[in-house]
Amino acid sequence: MVVAGREHLQILQEEDSSKRRQILAGARKVFMDLGFDGASMGEIARAAGVSKGTLYVYFADKSALFEAILEEEALFHGQVEFNFDPARDAETTLKDFGQAYLHLLCRPGGGSAIRTVMAIAERMPDVGRRYYLRVLDKTINRLSDYLKAHVASGDLAIDDCDLAASQFMELCKASLFLPFVFQAAPPPSEERMTDVIDSATRMFLAAYKAK
C-alpha cells in the first residue's frame, strides 16, 4: 500500500509539472507575440490549451506567470557552461566565451524575454532589477573573476575587472545584438559572429594585456 501510494504521488507530481510546463509554453508565446501589456490570462489559457480556472490554480496573475518565465530564463543562462578555467590563456578563453555568449543571446526566441523586460522595467523596476541581477550580472561576475585570476598571474593589467568584463561583453555584441533584439535583422551568421568576436578580443587584449 505504501509503495502504491508513492507511485500515485509521483504520477500526480509528474502530471502537475507537465501541466505547468504546458502553461508556461503558452504564456511565453503570448508574451512574445503581444508583449506584457497586450497579454491577458484568457489569451494565455487559450494558447496553453487549459481553462482559466486551471491557469489560476498554478498562477495568481500574469505577473506571476511572467516571473516564472524569467525564472526559467535565469536557469537556462545558469546552465550554459563558460569555461573560465584560470589555467586557460586569455585569448582562447575570451573567444570561446564570446561565441557561447552570443549564441545564448541570439538564439531563436532569445531576445523575447529581454524585449519584454525592457518594455515594463520602468513601471515594474523590481522585475527588471531581478532579471539583471540573476541573468546579466552573474555572467559579468564570472568573467570578472577569470580576469582577476589573470591579473594576479601577471598576464593582464586591469584596474577594474568588473568594468573590463562588461566592456568585453559589449564589444562582442557590437553591431549584432541590438539589430537582433529589435528585430531589425535576423540572427547573425556564424561567420559574422566570429569576425566580431575576434575583433573584440584583439581590442580587449590591446588595452589590457600586460606590457
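## Lining of the largest cavity

The residues that line the largest cavity divide into 5 nonpolar, no polar and 4 charged, where Ala, Val, Leu, Ile, Met, Phe, Trp, Tyr, Cys and Pro count as nonpolar, Asp, Glu, Lys and Arg as charged, and the others, Gly among them, as polar. The model is a predicted one, in which local features need pLDDT of at least 70, side-chain atom pairs count only at pLDDT 80 or more, and totals for chains, interfaces and linings use all residues. Residues are numbered from 1 along each chain as its sequence is written, and side-chain values use heavy atoms, with hydrogens and water left out.

The lining consists of Glu 67, Leu 70, Glu 71, Ala 74, Val 127, Arg 130, Tyr 131, Arg 134 and Val 135. The most is given by H7, with 5 residues.

The volume of this cavity is about 60 Å³, and the count comes to 1 cavity of 30 Å³ or more. A cavity is a set of points, on a 1 Å grid over the protein atoms alone, where a 1.4 Å probe fits but cannot get out, and lining residues have an atom within 4 Å of a point. Grid points are joined across faces, edges and corners, and a volume is the space filled by probe spheres set on the points.

## Packing of H5 against H8

Helix H5 (residues 90-105) packs on helix H8 (residues 161-173) at an angle of about 60°, with the axes 10 Å apart. H5 is therefore oblique to H8. Axes are lines fitted to C-alpha atoms, for helices over the stretch in contact, and angles run from 0 to 180 degrees between N-to-C directions; angles under 35 degrees count as roughly parallel, over 145 as roughly antiparallel, 65 to 115 as roughly perpendicular and the rest as oblique.

The crossing of H5 and H8 is right-handed (the near helix is turned clockwise from the far one by less than a right angle). On the H5 side, Leu 94, Phe 97, Gly 98, Tyr 101, Leu 102 and Leu 105 meet Phe 168, Met 169, Cys 172 and Lys 173 of H8, contact meaning heavy atoms within 4.5 Å. By class, this contact has 8 nonpolar, 1 polar and 1 charged residues.

H8 contributes Ala 164, Gln 167, Phe 168, Leu 171 and Cys 172, while H10 contributes Val 196, Ile 197, Ala 200, Thr 201, Met 203, Phe 204 and Tyr 208. These residues divide into 10 nonpolar, 2 polar and no charged.

The axes of H7 and H8 come within 8 Å and cross at roughly 115°, and this crossing is right-handed. The H7 residues in contact include Leu 136, Ile 140 and Leu 143, and those of H8 include Ala 164, Phe 168 and Met 169. The contact of H7 with H8 has 10 nonpolar, 3 polar and 2 charged residues.

## Positive phi in the loops

Most residues other than glycine have a negative phi. Ser 175, in the loop between H8 and helix H9 (177-181), has a positive phi near 70°. Gln 183, in the loop between H9 and H10, has a positive phi near 60°.

Notes. 1 Å grid on protein atoms, 1.4 Å probe; cavity = no way out; pocket = protein on both sides within 12 Å on 5 of 7 lines; lining within 4 Å. Helix = DSSP H or I, 4+ residues; strand = E, 2+ residues; numbered from the N terminus.
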